[in-house]
Amino acid sequence: MVKSRRSKSEQRFEQFLGNLLRIGVIISTALVLIGGTLYLIRHGTEAPNYQFFRGELPEFRSPSGVVKSVESGRRRGIIQLGLLVLIATPVIRVACSLFAYVRQRDFTYIIVTLIVLFGLLYSLIGGYI
C-alpha cells in the first residue's frame, strides 16, 4: 500500500480546485446552452447573410457591456456571459492557488503563480490598457 505524501489540507484544496473548475465549466455550459436555445428559438429560421462582414457589436467588446446586454434580455449576451465565465474559471483557479501558496509561505510557487496570473490578466485586459 502506497501512502500519500500530501496532507489532508492539500488534498482538500486540490479537491476544491477540481470542483471550482468543474462548476465553472458547468455554469458556462448552462449559460451558453440557454442563450443558444433562446437565440435559435427567436432567430433560427432566419437566413444568414454572408455577403457583408459585420464585426462584433460594441456591447460585446467589454465585460460590462456583456452584463448590460444580459440585463436587457439579449440572447447573445447570455451566450457571451457563458464564454466569459469559461474564460474566468482558470483565472480564478490560479488566483486561489496563489492564496494557498501564500498561506504555505512557498515563495517559489508564489513567484511562479504571480507570473502566470499576471500573464493571464494581461492577456484579458491588455487591449483595454
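A residue is called buried under 20% relative accessible area, exposed over 50%, and partly exposed in between. Keep that scale at hand for the exercises below, which all use a predicted model.

**Exercise 1. Is Tyr122 buried or exposed, and in which helix is its place?**

Step 1. Begin with the location: Tyr122 sits in helix H4, which covers residues 107-125.

Step 2. Take its relative accessible area, which is 57%. The cut-off for exposed is over 50%, so Tyr122 is exposed.

Step 3. Now look across the chain. Phe53 is 69 residues away from Tyr122 along the chain, and their C-alpha atoms are separated by 29 Å.

**Exercise 2. Describe the overall fold and extent of the protein chain.**

Step 1. Count the elements: the protein chain has 4 helices and 0 strands. Read from the N terminus, the order is α-α-α-α.

Step 2. Along the principal axes, the C-alpha atoms fill a box of roughly 60 × 40 × 25 Å.

Step 3. Of the 129 residues, 19% count as buried. The accessible surface is about 10100 Å², and carbon and sulfur atoms account for 65% of that.

Step 4. Ask how the chain meets itself. Taking contacts between residues at least 6 apart in sequence, 59% join residues at least 24 apart.

Step 5. Finish with charge: there are 16 positive and 7 negative side chains, and 6 Å lies between the centres of the two sets.

**Exercise 3. Is Ser69 buried or exposed, and which residues is it in contact with?**

Step 1. Find Ser69 in helix H2, residues 63-71.

Step 2. Its relative accessibility is 3%. Buried means under 20%, so Ser69 counts as buried.

Step 3. List the partners, leaving aside neighbours within four places in sequence: Ser69 is in contact with Phe60, Arg74 and Gly77.

**Exercise 4. How many aromatic pairs does the structure hold, and what is the geometry of the pair formed by Tyr101 and Tyr109?**

Step 1. The structure holds 2 aromatic pairs. One of them joins Tyr101 and Tyr109, with 5.1 Å centre to centre and 25 degrees between the planes.

Step 2. Planes under 30 degrees apart count as stacked, so this pair of Tyr101 and Tyr109 is stacked.

Step 3. Tyr101 is partly exposed at 24%, and Tyr109 is partly exposed at 46%.

**Exercise 5. Where is Arg105, and what is its phi?**

Step 1. Arg105 belongs to the loop between helix H3 (75-104) and H4.

Step 2. Its phi is positive, about 60 degrees, although Arg105 is not a glycine.

Step 3. With a relative accessible area of 62%, Arg105 is exposed.

**Exercise 6. Which residues does Leu86 touch, not counting residues up to four places away in sequence?**

Step 1. Start from helix H3, where Leu86 lies.

Step 2. Leu86 touches Val25 and Ser28.

Step 3. Close with accessibility. The value for Leu86 is 39%, so Leu86 counts as partly exposed.

Key
Residues are numbered from 1 along each chain as its sequence is written. This is a predicted model: local features need pLDDT of at least 70, side-chain atom pairs count only at pLDDT 80 or more; totals for chains, interfaces and linings use all residues. Side-chain values use heavy atoms; hydrogens and water are left out. Helices (H or I, at least four residues) and strands (E, at least two) are DSSP runs, numbered from the N terminus. Buried means under 20% relative accessible area, exposed over 50%, partly exposed in between (1.4 Å probe, protein chains only). Contact means heavy atoms within 4.5 Å. Accessible areas come from the Shrake-Rupley method with a 1.4 Å probe; for residues, only the protein chains shown count as cover. Lys and Arg count as positive and Asp and Glu as negative; His and the chain ends are not counted. The place of a charge is taken as NZ of Lys, CZ of Arg, CG of Asp or CD of Glu. Rings of Phe, Tyr and Trp (its six-membered ring) pair if their centres lie within 6.5 Å; planes under 30 degrees apart count as stacked, over 60 as edge-to-face and the rest as tilted.
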